[in-house]
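Hi,

Here is the structure I promised to pass on. My notes follow below it.

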Amino acid sequence: MEKKQIIIISVAATLLCIVLAIVLLNKKELSFEQTNDYIEKGNDLFEEKEFEKSQIPYVRATTIDSTNPGANFNYANAQQKVGKNDLSKKQYEKALRNIEEKKINTDEEGKAELNALASNVYHNKGNNAMSQLTSLDSLLAVYAQLEEMEKAGTAPANAKSQIYNLIQDNYKKIGDPIKDYKSALRLDPTNDSTRYNLAIAQNYEAQLAKILQQMPPPPSNNQDQNDEKKDDKKDQQDQQQQQQQQQQDQKEEEKQDPNQMSKENAEQILKALEEEEKETQEKMKAKQVDRKQYKVEKDW
């Protein structure tokens, strides 16, 4: 009697495990189908250039399956199109992490497909980084204008130093997209569009390096501090007289040469440069080649 009870309990436990396995399998398949449906809806909106709207189904896809690298990749592309570069970068990085995790328990065919996706992720991640760089042509143009202002004595203080620091900052940032393009090529050496974008980035880096060698570096912090100390020693009355004299000299210069650029105009140019830095580098983006949206066809 006891043996029969043990057998019945054992059979019941086995059946329960089978039922749970079937339920979990069906739930996984349903989850994959729902995720894929949302990705396809997002892709359709993306193709129609409805980049803001396409993010809604992508978000739903990542909510259902946060480990789906295809959903992360497409969501990142949509964010990049509307200028959400920082958020886009995070989604690209999340996609790469999910790809590495999925490689652990997948066959060779699945790994090959994941490597192809990773190559696309690195490619567009590099484009995302490139789009945040300041236009080299704009930097050179403003720097040339400031040189003319310095000759005329109308350039704002530390203007060249600001531009030097900006160019140096872009020089540091260009290393990231170069690494991304190289990573993409390691996974897919036959990708000519990635090779083309890498050439653009490397040329940009070379030109910035050349400019930095030719430009005088800004004064050191110690020099700035010394200058400030000297300024602090000036008598308040002398400062007021100096300001009045400068205003008078400026008025006379404007009367003598009405076409000469004033300090206010010079400062406006610097503000324009700051605006240029915030804008996407349209010329470079036009030359770059983006990888298309990814359609998930396999549940790894």
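**Surface and fold**

The chain exposes about 19,000 Å², and carbon and sulfur atoms supply 49% of that area. Accessible areas come from the Shrake-Rupley method with a 1.4 Å probe; for residues, only the protein chains shown count as cover.

Please note that this is a predicted model: local features need pLDDT of at least 70, side-chain atom pairs count only at pLDDT 80 or more, and totals for chains, interfaces and linings use all residues. Residues are numbered from 1 along each chain as its sequence is written, and side-chain values use heavy atoms, with hydrogens and water left out.

The chain has 13 helices and zero strands. Helices here are DSSP runs of H or I with at least four residues, strands are E runs of at least two, and both are numbered from the N terminus.

Take the contacts (heavy atoms within 4.5 Å) with a separation of 6 or more: residues 24 or more positions apart account for 73% of them.

**Cores**

A nonpolar core is a set of buried Ala, Val, Leu, Ile, Met, Phe, Trp, Tyr and Cys residues joined through side-chain atoms within 4.5 Å. The largest one has 26 residues; Met-130, Ile-167 and Ile-174 touch the most other members. Two or more residues come from each of α6 (136–152), α7 (159–173), α8 (175–187) and α9 (192–214). α9 gives the most, with seven.

What does Ile-174 touch, not counting residues up to four places away in sequence? Met-130, Leu-133, Ala-201, Tyr-204 and Glu-205.

Another core lies apart from the largest one. This core has ten residues, among them Ala-76, Ala-95, Ile-99 and Leu-114.

Best wishes

Definitions and conventions. Buried < 20%, exposed > 50% of the residue type's maximum accessible area, 1.4 Å probe, protein only.
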